[in-house]
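Subject: Structure for your review

Dear colleague,

Please find the structure below, followed by an account of what was found in it.

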Amino acid sequence: MGLALKYFILKVPFMVDMLQPICILLAGIITLGILNHNHELMALKAGGISVMRITAPLFAAAIFCTLTALSMAQWLLPATQAETNRIWYEEVRHQTPKGTIRDGRIYHKGEHGIYTFIRPGLDKNKFTSFSYTQLNQDFQMDFMLTAQEAEWQNGIWTFRKGQLKRPSHKAEPLYTIKLFDKTTFNLPDTPADFFVPVYKSEEQSISQLYNKTRSAGENQQMAWINFNNRLSFIFLGLPLVCIGLPILLIIHQKWGRDLALAIPISCGIAFVAWGWWSTSQSMARAGHLNPLLASWLMYLIVCPLGLWLLARQDKV
């Protein structure tokens, strides 16, 4: 029970992070809706105060909450996510990671040696820049296998364009090297053993995600996608509140109702925005859309549109 309680308490920052865009939208909608419902908005407008000036504190609060979420993503979430992932994967599911990822390369401690490689797709058993070093009981090299490409298929390891290096029993040379264009070789481990914690990206701060974009090698495109994905989600509450506030006022003008319709419609707006954002991210991961456009195009369209609609309310 203590472990479960610790897990759920440490999950609170993650849940706050996931809910903060919709919370910003609903907070702005309900605040302005109450002002409108009590005719306070009408009184303020009658006093010569513009709608943009009235809603300025709401935008300031939205920006403050967004910056708070950004600070959490940089300093708090990495620590809480690392601990909750450790509890779930190691203590609950008993999956102890034997590998790590550094600069786009995977390093894995196998049964008798060390693997290092690049795995372009975690769902495929194909590898590039593959290297395996087998050690004896004295931690000396038995052999080293390197290959430009490696593939595990039908229970067989196949390697292309590489070399096999073994210690020589003679004084000179120290090693014997055999080159090959294509060969098969029995290794003590399979890709199923390469449990590398893919959830580690959840434990990275904003600055760490950005640093990966500068040193990710062949996976630099994916690093850019992950960085823009994370950053754009944190700021998602701003376009939501930009479009949600004028829609509340338009609904009140047309149907004379505010919160009764505005809250369900606001939830619908949030769902549409989330769908737009998620679809764009999927297209970016598939290589059909630039990561910057996928993450920020909605902001460039929705924010100006929402502010324009809000400014028009002074003329109504």
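**Salt bridges**

K6 and E83 form a salt bridge, with their closest N and O atoms 3.0 Å apart; the term denotes a side-chain nitrogen of Lys or Arg within 4 Å of a carboxyl oxygen of Asp or Glu. Because K6 lies in helix α1 (residues 2-37) and E83 in helix α3 (residues 51-92), the pair ties together parts that are 77 residues apart in sequence. Helices here are DSSP runs (H or I, at least four residues), numbered from the N terminus. K6 counts as partly exposed at 37% relative accessibility, whereas E83, at 19%, counts as buried. Buried means under 20% relative accessible area, exposed over 50%, and partly exposed in between (1.4 Å probe, protein chains only).

The model is a predicted one, in which local features need pLDDT of at least 70 and side-chain atom pairs count only at pLDDT 80 or more, while totals for chains, interfaces and linings use all residues. Residues are numbered from 1 along each chain as its sequence is written, and side-chain values use heavy atoms, with hydrogens and water left out.

In total, the structure holds five salt bridges. One of them pairs D17 with R230, at 3.1 Å between the closest N and O atoms. D17 lies in helix α1 and R230 in helix α5 (residues 220-234), so this pair ties together parts that are 213 residues apart in sequence. Both D17 and R230 are buried.

E151 forms a salt bridge with R160, the closest N and O atoms lying 3.7 Å apart. E151 is buried, at 17% relative accessible area, and R160 is partly exposed, at 27%. Elsewhere, salt bridges that share partners join K6, E83, R86 and E91 into one network.

Yours sincerely

Note on methods: Helices (H or I, at least four residues) and strands (E, at least two) are DSSP runs, numbered from the N terminus.
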